[in-house]
Amino acid sequence: MAFCAPPKPNCGFLEHGCALYGGLQIRPNVPTSATAADFYIPQFNLAAHWQKPFLVPHSIGFLSVLTRPLDWSSPNDVPCRPPGQWYFDTPACVLKNRNLLTGLLDEDVEDDVIRLWAVNELSSRESLMEFRVKRKEEEDGLGRDWELVGGNEERNALEGEAGIDDSMICERSGKDWKRDVTALTSRGSQRLLSTQFGSSLDDHPLTTCRNGADRFGAERASTSNCHSGPVACLNLPSPALQLLAWPSAGRNAYVLIRTEKSLCLYNSEKKEINTLYSSRMQYVTPMPYMDEELLMMDQEKLVWYGGVEQGSARLARVKCVGNIQLVCPSDHPRIIYVADAESVWMVDLRDGTSHGSILYSVPEFDDTRDCGLLYSYHDAFPKPKVQHICAFNRRPRMLLVVTSNKFNLIDERMPGVCCIEQSHSIADGGDYILSAPSFTDSEHDGHIYPFYVIRNVTLADVQQISFYDHAQAKQWSSLSHVKRLPEPADIARFLDEQRKYGIRISKGQQRRLFGDGPTRAIHVQDGLKSRDSRERHILFRMVSDGSIWYEETGVEDDREIEEEALSKSVEKVRRMVNEIGDVRGPIWEDNVNSSLLQQPESLIQRWNIEGPMGSTGVDDEPLGQLDNPLKTVISTDYPQAQPQLHFDDSDHMISDVVLNCCDKDAYGFRGSMSSAAQSVEGNLFEDVQEAVKETTEIPIPKWCIYDSAHISQTYVALCSLLILGDDLSRVDRKAVLLGVSYNQLEDGSFRGQRETESDMRFVYCAVAICYMLNDFSAINMQKMLNFIRKSVNYDGGIGEGPSLESHGGSTFCAIASLAMSGHLWDESVLDRRQIERLKKWALWKQTEGFHGRANKPDDSCYAFWIGATLKMLDVHSLIDGATLRSFLLSAQDDRVGGFSKYPGSNPGCDKDAYGFRGSMSSAAQSVEGNLFEDVQEAVKETTEIPIPKWCIYDSAHISQTYVALCSLLILGDDLSRVDRKAVLLGVSYNQLEDGSFRGQRETESDMRFVYCAVAICYMLNDFSAINMQKMLNFIRKSVNYDGGIGEGPSLESHGGSTFCAIASLAMSGHLWDESVLDRRQIERLKKWALWKQTEGFHGRANKPDDSCYAFWIGATLKMLDVHSLIDGATLRSFLLSAQDDRVGGFSKYPGSNPDALHTYFSIGALSLLGEPNLRVMFPPLNTTARAHERLMRLRRPDDRSTVTTGDF
């Protein structure tokens, strides 16, 4: 039965991130009196519809570590690369279906014992380790702890097995590590170990087991012991790509090992590894219901099947028709699913023919047949491709087809029909997908089927999607949107944000305790015995540094014990942090030559990510080298504390003059001589010289912002001297460097001079000055690098500071600063993944020219800012040079010379146009022809410039200007491109004689526009456009006898106009100085506002409650500091009752239709009430506190704000 779904009016453009329910179906055998949650079955977000978020498989508390790389790595597992991201151009065959972790439940043991097989992702991937994982005896109902078991009993049992080759299997024993290393290490690896760790293996970190003796022994003792680790270690013929275990007949268990050169099989009973196929396989899996039989596809896309004991000579090839890219077994032992890039169908193994119809075909993503003739999006998007096909775990006839942008649920009994289409944003559909065992929902008689997707390169992580099988309704639903699973490193981020737990974790502790990099392999184990009848699965995962973690997942309602479980996890982390102490660096660095962690001799080298890091680490030929390589400097060259400057005695007389007569603000170069402050009498320099000679008191002028050095002027001056051929011998280096040091702030950034802003521009100037003077001792390098690191954004670009939008200019400043200071390529700020992302971000900024920010027009100056960034990153050759050159030349003025921002210019306007209009569609045209051409002609002939006739539709409106500035702040803009002078002139032009403001010429004036004018001046931090006294008189005259404030004098008190008046007074600094409202009037106003609540708030007397006044009056009470006196529970109930649970949004009051205005102000009112998951509001400006804090960061230190976020 299909869902009753609405049509798609958006052509698929709005599907990503959709949080709606999709289609609805009536649930069978449900009485009509049932609630909507029980009556309907939604297509999407079933857990939210049932209000049971716990139905999505989840865990409580933190991830737990099972073993770390040092605890289980083999001695020949030399780290191949720093953990983290692979390069974007890593071959797909290396990453596709890659998963180096698998396991089985040991059925012969009464207690839960899991056998795990793993290959260390950080190693050369040529050693297979076997673990035994057992549940601890303690169980407190909050989840179970697991531990490795691998003591003498297991080793003795392995040693007692006949036919075991010492070169194949080695048991972990503290006394016999040297013998084991010799047996396990192949030729070349032995030489590598000797070179890297010394001639003796006694001191090898992998050959020792010192309980608490080494620098992380306490931590290791808390998680494992000397006798816990792998019970077996087996050598592999080539690096492994995938592990897959499955039980066979009897006690035997098989592990399929797909390597780069062959397909191997490990027989757990015989303890041997056999080669099944001596060529790389792309896909391999056991056949269901056919014991010891496999289905395979090789690199040539040829499909094979056969028994594991038959060998490659007995494998049968399936002669399929078509360009097969993917295969997957079905529940029928002789029918398989196959797919090409666009279709999925079934094939009979016995004859290779297609079995039935096409199950699924990729639709055209830009299909616009239902959109009428007005829309045409043909070829707007590339056609998606089938990336994975995966059968459901123990659910016959169901198949999940993963395309580039969707999860598609297919029932083979209904070819061509998708049961569920769930959109996703996982790049290329991920690299590996795991169909996990199902959970049972006994309350609704259904089953939950989770899937896990691993992505290795772009935004590497593991994500989960779950589907729900309604057994009675014979229908499927998705439980929620695609959910990203937290990584171990997220534990440290959580504790850093939640300061209430009082745990501070350093970078070294974070990397040591929680590993490096994202999840690289997963395994889900079911079938566990439970004492409380709860169905639980264990999700094991291996992260990039080789450590293995686990978490217990379930679908029970555990919200009551969630906080208790979190507290238990926090205490566990607290003990680990206290035991490990202060450490530096992750575990993997202990096995790497220290020279590899420093910056290479060449700034740009190609690293072999799959080769051992104990070798040279680079290919024989570097990619390229800068013409003038910068000086190589490492972090240890810089002091960690406040820098101390040391100079020799060769400095000349002028240093004594400067250092004795001037404050540190004056150290450096000023803008010009005309800004110099004068001495009390005569010339300051001559007075200073005379005072030094006579040892009298030196006359010091009063500090002035116009007479101090500026860090940007100092940079320009030094550059100019170099360009003019000066040798800088007469530059007062000591004074300049002291001035640089003085202007570094605590967050690591630099300001231009005292009481001015600080951002990435001045960081660049400071580094450039020190680079030209060849002395970096004036900079606290560690703080500066931290500032740059915090300014890196998710899209790859770099902002002017933390949390600021990525910008082409600030990105150049940051990259140039790192290059000149020697930290661009040493991964102290940007790792390899971030550099690759930055390259893409910069290259994507070109259309014809370059633009500095997203959705901005091309600007000629960014051809240098971003072009120079790409040059430093050695990818400038990838830009479209011909198109860029054409754009730059088109911006040149062939009459007066020079280049403009972009071709063309803007004409002048009347004062009515100063500000923002409603939209571009209202723009007025010139009287005749083109206005810009008319202006140019008038300038040539020195005649009167033609100005277009004023039009009400083509002038700025004060409310549109307010909205535009607020929107820019919310979007992260720094308002630097706003024409402040024109906007303020427009505000001043619209103030009337009575002190009020109009929206624009020939429109009404009232309190609304007073508020807009004040808010504009507050955001631009300039109230000079307002006649403040007239405005305050207008507000004073609008106060009524009942305490409220009307839209103007003698007008009825109104909730909206009261908010506008109070917010205007707050932002202008006149709310509490009694210039308008005295104490008595403020107390009367509080009462008037509080009396407006019945359940919600109403804006005027004898009017019904309206949801929007919950904000207008609520925000007024917030500014008056009496918001706590309202009935919050009743107000919240009223607001939620006005919510439409069918189409969403809030209405004026219950029973009315929802609209955008009341939805916005209802959400704002809930924010004032402290509703969770909503951003905090800043009431006076009617925006979020985050936007207001961003505005405060944009202001200079000498700007004095009249109101701050903390005031509310």
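Student: Which residues line the second largest cavity?

Tutor: The second largest cavity is lined by Glu800, Leu804, Glu805, His807, Arg853, Gly972, Asp973, Asp974 and Leu1194. A cavity here is a set of points, on a 1 Å grid over the protein atoms alone, where a 1.4 Å probe fits but cannot get out, and a lining residue has an atom within 4 Å of such a point. The model is predicted, with local features requiring pLDDT of at least 70 and side-chain atom pairs pLDDT 80 or more, whereas totals for chains, interfaces and linings use all residues. Residues are numbered from 1 along each chain as its sequence is written, and side-chain values use heavy atoms, with hydrogens and water left out.

Student: How many cavities of 30 Å³ or more are there, and what space lies in the second largest cavity?

Tutor: A volume is the space filled by probe spheres set on the grid points, which are joined across faces, edges and corners. The count of cavities of 30 Å³ or more comes to 12, and the second largest cavity holds about 80 Å³. Its lining comprises 2 nonpolar, 2 polar and 5 charged residues, where Ala, Val, Leu, Ile, Met, Phe, Trp, Tyr, Cys and Pro count as nonpolar, Asp, Glu, Lys and Arg as charged, and the others, Gly among them, as polar.

Student: What span should the residues of helix 14 have, and which of its residues are buried?

Tutor: The expected span of a helix is 1.5 Å times one less than its number of residues. Helix 14 (residues 711–723) has 13 residues and should therefore span 18 Å, in agreement with the 18 Å between its end C-alpha atoms. Its buried residues are Ile711, Thr714, Tyr715, Ala717 and Leu718. These residues cover an arc of only 165° around the axis, which means that they lie on the same side of helix 14, the arc being that of the directions from the helix axis to the C-beta atoms. An α-helix has 3.6 residues a turn, so residues three or four places apart point the same way. The buried residues of helix 14 pack against helix 15 (733–742), strand 34 (750–751) and helix 16 (760–773), and just after the helix Gly725 takes a positive phi of about 90°.

Student: Which residues are buried in helix 32?

Tutor: In helix 32 (residues 1185–1194) the buried residues are Ala1185, Ala1187, His1188, Arg1190 and Leu1191. They pack against helix 23 (958–970), helix 25 (1007–1020), strand 38 (1177–1178) and strand 39 (1183–1184).

Student: What is the phi of Arg125, and is Asp1121 buried or exposed?

Tutor: Most residues other than glycine have a negative phi. Arg125, although not a glycine, has a positive phi of about 65°; this residue lies in the loop between strand 5 (113–118) and strand 6 (127–139) and is buried, with a relative accessible area of 1%. Asp1121 also has a positive phi, near 65°, and lies in the loop between helix 29 (1109–1119) and helix 30 (1128–1137), but Asp1121 counts as exposed at 67% relative accessibility.

Student: Where is Asn252 placed, and which residues does Asp106 contact, leaving aside neighbours within four places in sequence?

Tutor: Asn252 is in the loop between strand 9 (240–247) and strand 10 (253–259), and counts as buried at 7% relative accessibility. Not counting residues up to four places away in sequence, Asn252 touches Pro247, Asn267, Ser268 and Glu269. Asp106, in the loop between strand 4 (101–105) and strand 5, is buried with a relative accessible area of 14%. Leaving aside neighbours within four places in sequence, Asp106 is in contact with Val113, Arg115 and Arg132. The C-alpha atoms of Asp106 and Pro247 are 9.6 Å apart, although the two residues are 141 residues apart in sequence.

Definitions and conventions. On a 1 Å grid over the protein atoms alone, a cavity is a set of points where a 1.4 Å probe fits but cannot get out, and a pocket is an open set with protein on both sides within 12 Å along at least five of seven lines; lining residues have an atom within 4 Å of a point. Helices (H or I, at least four residues) and strands (E, at least two) are DSSP runs, numbered from the N terminus. Buried means under 20% relative accessible area, exposed over 50%, partly exposed in between (1.4 Å probe, protein chains only). Contact means heavy atoms within 4.5 Å.
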